[in-house]
Amino acid sequence: MKKHLLRFILLITTLLISSNSYAVLEIEITGHTNTGIKIMIAPFSGSKIIEADLRRSGRFILVDPQKANQTLSLGGNLQSAALQASGAEYLIVGQQSNGLSIEILDIADGHRMAGYRIPVLSNSRRIAHKAADSIFEKLTRIRGAFDTRIAYVTASGDVKRPSYRLIVADSDGHNPKTILSSRKPILSPTWSPNAENLAYVSYESDEPAIYIQNLRSGSKRKISSRVGMNNAPAWSPDGSRIAMSLSINGKPNIFVQSVNGGSLTPITNSSAIDTEPAWTSDGHSIIFTSNRSGKPQLYRVSASGGKASRVTFGGSYNSDASVVGNKIALVRQRGSAFNIAIKDLGTGDDRVLSNGRLDESPSLAPNGTMVIYGSHAQGRGVLAVASDNGTAKQILYSQSGDVRDPAWSPYLR
Amino acid sequence: MKYLNKTPIKYLASLFAITLLLSACSNSQNSPIPKAGSNTHTGGSGSGSGQHHGGQGGSKGQGNNNGYYDGQFGKGGSGSTGGKNTVLLNQKIIYFTYDSAQISAEGMDILAAHAHYLSAHPNKQVRLEGHADERGSREYNVALSLDRAIAAERVLNLKGANANIRTIPYGEEMPAVLGHDESAWNKNRRVEIVY
């Protein structure tokens, strides 16, 4: 395994107060693609961030700008013969000056395909992520999702009595910020569709309850603390409701509650375990895990309740759906291992993306091109990001404990 | 955080003997043997007589195998039954097989002993803390651990416990044993009886 690792380790040294240092994630690229769009990114402030973004999408091959044998600058003269000899199809030139200006050039004929200007933002890395989003969309015709965030849980300190933290970071793991610390477990973060709030399960009151917390103000409120289980919140695409698994009748079933704490609608009513609800993008259906057939499998039910139909058939264990469009990322048991697979309900494509022993908690980027999940490396919990085509992979890990339970945010406004 | 409850050392030997006996009748996967090492600091001075007492309990258990399994203990009120009951009462954890909430035969015996005790102590607040091993998805494991706690609650109620029982599902969040292998998983699939 190790020999496959690219020696590409970035220690993140973003602005962190010292008490936040546990939150620092290191990034290790463990897989890269040898097929994809060949792109050269000229050096400019932020260009390395754009390179890293495009690389982890699994759709680009980064060509070293040294191969152009010339100075590459925005608006400068370009020698097309040397550029064409580099093997790159596209060239990105850029310049930071009160924001970032970039241009995409087609190396074959030298024409300027597109130009973008990204204004100054307080999180300067976001400027580069937005540029990467523009390039990604122009060249793949898929909306970019690099300028997004991830939420995840860490457990660190005394292994018998760990400190749990709920952290929000940029989608590449930079700029981590702790939004909740607790001596009791925290799990299942889920984003509101406007990316301004998180819902999660916390045991801080000794028993599990579901909370909603505003990321800007930090204020939070409890929305469900029913007897038994308050599990697996999932925010509806219109932002008005949260699906969850409750044990009101003694068995875990799916319910939908309005975010403002109003009515509770039962969605399933089985005597089996029904949990891990995930809304389809249109908000009309909920895909959930149930062991009603004996082993955990995915089922689909109308978001107003009714009869559920089975979605997964192959394998003895398919669970924990993350849904974007037709794509469902899920946990699948293969032999003794648990891995992440992506099933495309449109094309029928079904692909296993991970090869760990205990992979779990998949969460798709809002454009469905990448999935972040929990995995293990060197005996500790880590996060992994894989491209949906299975070619690019990177690991995000902490020196100070376990990292797990990631949730990829929706697009930022 | 609750990890393996401390068991006084004087019961260790008897626990061990009975666990061995039960193991002989069931899959060894279902019968993790609590580690003695984790309890060594709970009371060194009593350990000599404790060993002796435990040995007795164990041999009586062996001699009365059928009675043990048909749920007769606790009804007779004889000295030997009381001893076994005490041994069972000191077992505060019941274990499960993978992805199952079915109570094992030994789990039934442990729960029956607690139900018997609780029926005579009606004001106890009981917490049944369900847990799962780390395999499979995290939230499903919370639900699975709830199923385990509720299965244990049902047995306690059926056997006459008269107590305020709360079930708390922890899923895979609070393992009793760290590690990523079968022996750790065996000890992590459990319900802890706390009162």
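Mentor: Buried means under 20% relative accessible area, and exposed means over 50%, with partly exposed in between. The model is a predicted one.

Trainee: What makes α1(A) mostly covered?

Mentor: Of the 10 residues in α1(A), 7 are buried, and the helix is described as mostly covered on that count. Just after α1(A), Gly58(A) adopts a positive phi of about 75 degrees.

Trainee: How do you know that Ser101(A) is buried?

Mentor: Ser101(A) has a relative accessible area of 17%. The limit for buried is under 20%, so Ser101(A) counts as buried. This residue is found in strand β6 (residues 100–106) of chain A. Its contacts, leaving out residues up to four places away in sequence, are Leu74(A), Val93(A), Gly94(A), Gln95(A), Tyr116(A) and Arg117(A).

Trainee: Why is the approach of the side chains of Ser101(A) and Arg117(A) called a polar contact?

Mentor: The distance is 2.8 Å. A polar contact requires a pair of N or O atoms within 3.5 Å, so the pair of Ser101(A) and Arg117(A) qualifies.

Trainee: What makes the pair of Asp388(A) and Arg59(A) a tie between parts of the chain?

Mentor: Asp388(A) lies in the loop between β29 (380–387) and β30 (393–397) of chain A, and Arg59(A) lies in the loop between α1 (47–56) and β4 (60–63), so the pair joins parts that are 329 residues apart in sequence.

Trainee: How do you know whether Lys220(A) is buried, exposed or partly exposed?

Mentor: Lys220(A) has 33% relative accessibility and therefore counts as partly exposed. Glu204(A), also at 33% relative accessibility, counts as partly exposed. The side chains of Lys220(A) and Glu204(A) meet in a salt bridge at 2.4 Å, N to O.

Trainee: What of Arg332(A) and Asp350(A), whose side chains meet in a salt bridge?

Mentor: Their N to O distance is 2.9 Å. Arg332(A) lies in strand β24 of chain A and Asp350(A) in strand β26 (residues 350–352), so the pair ties together parts that are 18 residues apart in sequence. Arg332(A) is buried, because its relative accessible area is 14%, whereas Asp350(A), at 32%, is partly exposed.

Trainee: How many salt bridges are there over all chains, and how many across the interface of chain A and chain B?

Mentor: Over all chains the structure holds 28 salt bridges, and the rule finds 6 across the interface of chain A and chain B. One pair, Asp147(B) with Lys251(A), has its closest N and O atoms 3.0 Å apart. A network of salt bridges links Glu360(A), Arg404(A), Arg138(B), Glu172(B) and Glu173(B).

Trainee: What else describes the contact between chain A and chain B?

Mentor: The contact takes 42 residues from chain A and 31 residues from chain B. About 3,200 Å² is buried between the two chains, and carbon and sulfur atoms give 53% of that area. The count of residue pairs in polar contact is 15.

Trainee: Which residues touch the most other members of the largest nonpolar core?

Mentor: Leu166(A), Leu198(A), Ile242(A) and Val371(A) do so, in a core of 57 residues. Helix α6 (residues 138–158) of chain B gives the most to this core, with 6 residues. A second, separate core has 40 residues, including Ile37(A), Ile41(A), Ala169(A) and Val403(A).

Trainee: How do you know that the span of helix α5 of chain B is close to the expected one?

Mentor: Helix α5 (residues 105–120) of chain B has 16 residues and reaches 23 Å from its first C-alpha to its last, against 22 Å expected at 1.5 Å a residue. Its buried residues include Ile110(B), Leu111(B) and Leu118(B).

Definitions and conventions: Residues numbered from 1 in each chain as written. Chains lettered and ligands numbered in written order. Predicted model: local features only at pLDDT ≥ 70, side-chain atom pairs only at ≥ 80, totals over all residues. Heavy atoms only, no water. Helix = DSSP H or I, 4+ residues; strand = E, 2+ residues; numbered from the N terminus. Expected span 1.5 Å × (residues − 1). Buried < 20%, exposed > 50% of the residue type's maximum accessible area, 1.4 Å probe, protein only. Core = buried A, V, L, I, M, F, W, Y, C linked by side-chain atoms within 4.5 Å. Contact = heavy atoms within 4.5 Å. Buried area = accessible area lost by both parts, 1.4 Å probe. Salt bridge = Lys/Arg side-chain N within 4 Å of Asp/Glu carboxyl O. Polar contact = N/O pair within 3.5 Å; in protein donor to acceptor, adjacent residues only side chain to side chain.
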